[in-house]
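Please keep the model in view while reading.

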Amino acid sequence: MARGLHHLLLLAALLQLLSTTSAATAGDVATGSGSEKVHVAIYYESLCPYSVRFVANHLLKAYRDGLLDAADLTLVPYGNAKVNAHGAITCQHGPEECLLNTVEACAIDAWPDVKVHLGFIYCVSDLVMKNKHREWESCFQKQGLDPRPVTECYKGERGHNLSLEYGKQTAALVPPHQFVPWVVVDGKPLYNDYGNFKAYVCKAYKGYPLLEACRSLGLEADNNVYGPL
């Protein structure tokens, strides 16, 4: 009798596990989440005109269109900066760019949710395009964010270490980056075609259902699940 009860309990536990796994899988399929997401990395620098236009125009539009729901997005604010033998960083567009690169690195660290730190970085990029980048601290209030974690980070050792880490990530790119923004989709750089990164993400996406943001591109998924978009 005890043995039969033991078997029944094991069966109940197994059924519960299968039910939970199925529900999680269904949730991933419905939301386009999990391993089906496309890995997108943007290597950029905060005062580069091409970088800020990409963030403010293409990347923000992708977010608003829902395309980023299909992407595992990584932002790397470093670009063409250099590190000397003593660990000091110099940036292509001067000390103010080093400051903003570090601020944005701290924002990514403080708010890991891409929709939060992207909103802050977009706000800074918009100010850069308007030649008002010295007003970047206004983005805390505009985005409804507490400035303390970012302020403590960029003024302390944490911010510098984050920038050094991003420098290592940028230096490790294969092939090496040639300019910024350097956009990489599923490990493949887009070179000068980064303005069409939306099409590359849609082409690489294997999730279901088909994203509304991809329907107008006239592409066919590589795995032929969807047919013509």
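In which loop is the place of Pro 181? Pro 181 sits in the loop between α7 and β5, where helices (H or I, at least four residues) and strands (E, at least two) are DSSP runs, numbered from the N terminus. The model is a predicted one, in which local features need pLDDT of at least 70 and side-chain atom pairs count only at pLDDT 80 or more, while totals for chains, interfaces and linings use all residues. Residues are numbered from 1 along each chain as its sequence is written, and side-chain values use heavy atoms, with hydrogens and water left out.

A cis peptide bond, with omega about 0 degrees, joins Val 180 and Pro 181. The loop between α7 and β5 also holds Pro 175, and the peptide bond from Val 174 to Pro 175 is likewise cis, with omega near 0 degrees. As background, most residues other than glycine have a negative phi, and most peptide bonds are trans.

Asn 131, although not a glycine, has a positive phi of about 55 degrees, and its place is in the loop between α4 and α5. Asn 131 has a relative accessibility of 64% and counts as exposed; here buried means under 20% relative accessible area, exposed over 50%, and partly exposed in between (1.4 Å probe, protein chains only). Asp 186, also not a glycine, has a positive phi of about 50 degrees. Asp 186 is found in the loop between β5 and β6 (188–189) and is partly exposed, with a relative accessible area of 38%.

Glu 45 lies in the loop between β1 (38–44) and α2 (49–65). A polar atom of the Glu 45 side chain does, however, lie 2.9 Å from the backbone nitrogen of Asn 80.

The disulfides come next. A disulfide is a covalent bond between the sulfur atoms of two cysteines. Taken as a pair of cysteine sulfur atoms within 2.5 Å, the count comes to four disulfides. With the bonded cysteines numbered in sequence order, their pairing is 1-2, 3-6, 4-5, 7-8.

One of these joins Cys 91 to Cys 98, S to S 2.1 Å. This link has 110 degrees about the S-S bond and is right-handed, and both cysteines are buried.

Another disulfide joins Cys 106 to Cys 153, with S to S at 2.1 Å. The torsion about its S-S bond is about -75 degrees, so the disulfide is left-handed. Cys 106 in helix α3 and Cys 153 in helix α6 are 47 residues apart, and the pair thus links distant parts of the chain. Cys 106 is buried at 1% relative accessibility, and Cys 153 is buried at 5%.

A further disulfide joins Cys 123 to Cys 139, S to S 2.1 Å, and is left-handed with -85 degrees about the S-S bond. Cys 123 lies in helix α4 (residues 114–129) and Cys 139 in helix α5, so the pair ties together parts that are 16 residues apart in sequence. The relative accessible area is 6% for Cys 123, which is buried, and 0% for Cys 139, also buried.

Helix α5 also contains Phe 140, which is buried with a relative accessible area of 5%. Phe 140 and Phe 120 are 20 residues apart in sequence and 7.3 Å apart in space, C-alpha to C-alpha. Not counting residues up to four places away in sequence, Phe 140 touches Trp 111, Phe 120, Leu 145, Pro 147 and Val 150.

Val 150 brings the reader to helix α6 (residues 148–155), where Val 150, Cys 153 and Tyr 154 are buried. Seen down the axis of α6, the buried residues fall within an arc of 85 degrees, so they line one face of the helix; the arc is that of the directions from the helix axis to the C-beta atoms. These buried residues pack against α3 (95–110), α5 (138–143) and α7 (157–171). On the other side of α6, Arg 148, Glu 152 and Lys 155 are exposed.

Note on methods
Polar contact = N/O pair within 3.5 Å; in protein donor to acceptor, adjacent residues only side chain to side chain. Contact = heavy atoms within 4.5 Å.
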